[in-house]
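I opened the model to look at how its chains meet. My entries follow the structure.

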Amino acid sequence: MTPPTQPHEERLLDLLALRAVEALNEADEAAVASLDDAAAFDQAAAVLAMGFSVHEGLEPLPDSLRRGLERLGRDLIAGRELGNASPVNGVAARAASDTVEPAPLRFNGRNSNQSETRPETSSHTSGWIGVLGWLAAAACLALAVIGWSLPRDTPASSAPASAESLLASLETRPGIVRTSWVGLDAAGLNDAAHAYGRDLSGGVVWDPATNEGYMVFEGLASNDPAVFQYQLWIFDETRPTGDLPQFGEGILSQRPVPGAVFDVRGDGRVVVPVQAKLPVGKAVIFAVTVEPPGGVVVSDRDIVTLALVN
Amino acid sequence: MLHTVRPARSVPRDRPGVGRCVAWDPKERATIVSETITQPEDLLPSVARGDPDAVQACLDRYGALVWSLARRMCRSGADAEDAVQEIFISVWKNAGRFDAEKGSEVTFIATIARRRLIDRMRHAGRRPVEANIDAGGGMAVSEDRVDAPVAMRDEVAVASRAMAELSEEQRRVLQMSIGYGLSHEKIAEATGIPLGTVKTHIRRGLIRVRALLEEQRERSNRGIEA
């Protein structure tokens, strides 16, 4: 049986428990932070948080974030001043000084060379909002989504035969979704679309049940993988919205599910597996962006093309 | 059936090796010798000595955990990325403070991660997004072992054991608070549970886990199996 506790002990336990899950005011924090019990409560909360995370499934560290952390780690081990050695210097300096402030900076695994060699496109905000405006004005696009069928009689395929055969197999399944890339450059509102996908055709075949799918492109510009790569994003109606309000409202403000990072060689037909990195409940938009080599976690959304699921 | 694996701490955790391991019997709540597993070598001492490979290994071993914790407690992916950077820098810079006698390496790192995340929430003056909260209480209460990374098995076992002792309501409150960073008030509002009860559930859950961790630590330090 637990011995009865005194009122001040109750108060202390309340404070320690509260501190382990939320922030205390400065006076309370100063009073209890150095207590051994505070560390013990912190550890208990950490172990429970670990348990919840493991039971729900750990998400792998995104590749671009991982690369940035590796750079930070190397800088740290090399004894360099983190604040001068890293593209995340603001964050690094804050952590190094143990002064936690809201972090306005972030990196997406990019470096300055990549940014410089990458062809200029519109800013992410204007580009995406341009897409939105165009989409709003072009309601008839939905018609183009319906009934599209992937052309398969185009010669000079640059896609592996296996991708073609897997695509053909997927197309025979019941319940699959077919949707077309829309010509964003037609409205002259998106520079990335104009630069890379001006004469683009093709679309996406997607199996909602299995999350398998293939993208087909004809006319998508070739890329130098050392300079930039294409990346697919999937907007999922079942995922939370509002993570990235700078890109739009509703579904467009969500953090989309990243898909394949891929290259295009030559001018022919290209078939690319979708490779959704997370489960997709209900895909409503497939969007292809131009990104630095290796892809990113948070895109600036220089949209090349997108496909709407009816 | 093997339910939960935990090492006999006669082999210090900061040294690699194969130890005799024990598993819980879920009914008896006693430990029995079951199998052997290889404990991963602690990395932070090597980080503190300036070993670049240890930094990489640290990301390999704990990157997914830190990222997952951050994703649950940050409003956006960008926030989570910033938080993860802060956390790892803090972990590496404080690697020399890690003391295996006071807790495991993964607990040390998860504790730093949570304090950073809580600080960020306080400074930002906001709460994380309320999403994906399972009304059923979240963590499985089955004693079956989940596929936890080796470096976290002991801790996940402690969490599972504590959760198995709680009611569904208590589990749910703990998950909303600790798993997703929701405030006491928000939990009370969302669940209809009185605020005082919410606080009590959280406090009792933490105290129980603290006791289990202490028990585990004592057993480890004595290097005995019950």
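**Notebook: chain contacts**

I looked up a charged pair first: B:Asp60 forms a salt bridge with A:Arg66, with the closest N and O atoms 2.5 Å apart. I take a salt bridge as a side-chain nitrogen of Lys or Arg within 4 Å of a carboxyl oxygen of Asp or Glu. Across the interface of chain B and chain A the rule finds five salt bridges.

For the record, this is a predicted model, in which local features need pLDDT of at least 70, side-chain atom pairs count only at pLDDT 80 or more, and totals for chains, interfaces and linings use all residues. Residues are numbered from 1 along each chain as its sequence is written, chains are lettered from A and ligands numbered from 1 in the order in which they are written, and side-chain values use heavy atoms, leaving out hydrogens and water.

I then looked up the interface totals. In contact (heavy atoms within 4.5 Å) are 78 residues of chain B and 65 residues of chain A. The buried area (accessible area, 1.4 Å probe, that two parts lose on being put together, summed over both) is about 6,500 Å² between chain B and chain A, and carbon and sulfur atoms give 65% of that.

Nine of its 12 residues are buried, so H6(B) is largely enclosed by the rest of the structure. Buried means under 20% relative accessible area (1.4 Å probe, protein chains only). Among the buried residues are B:Arg171, B:Leu174 and B:Ile178. After H6(B) comes B:Gly181, with a positive phi near 75°.

Key: Buried < 20%, exposed > 50% of the residue type's maximum accessible area, 1.4 Å probe, protein only. Helix = DSSP H or I, 4+ residues; strand = E, 2+ residues; numbered from the N terminus.
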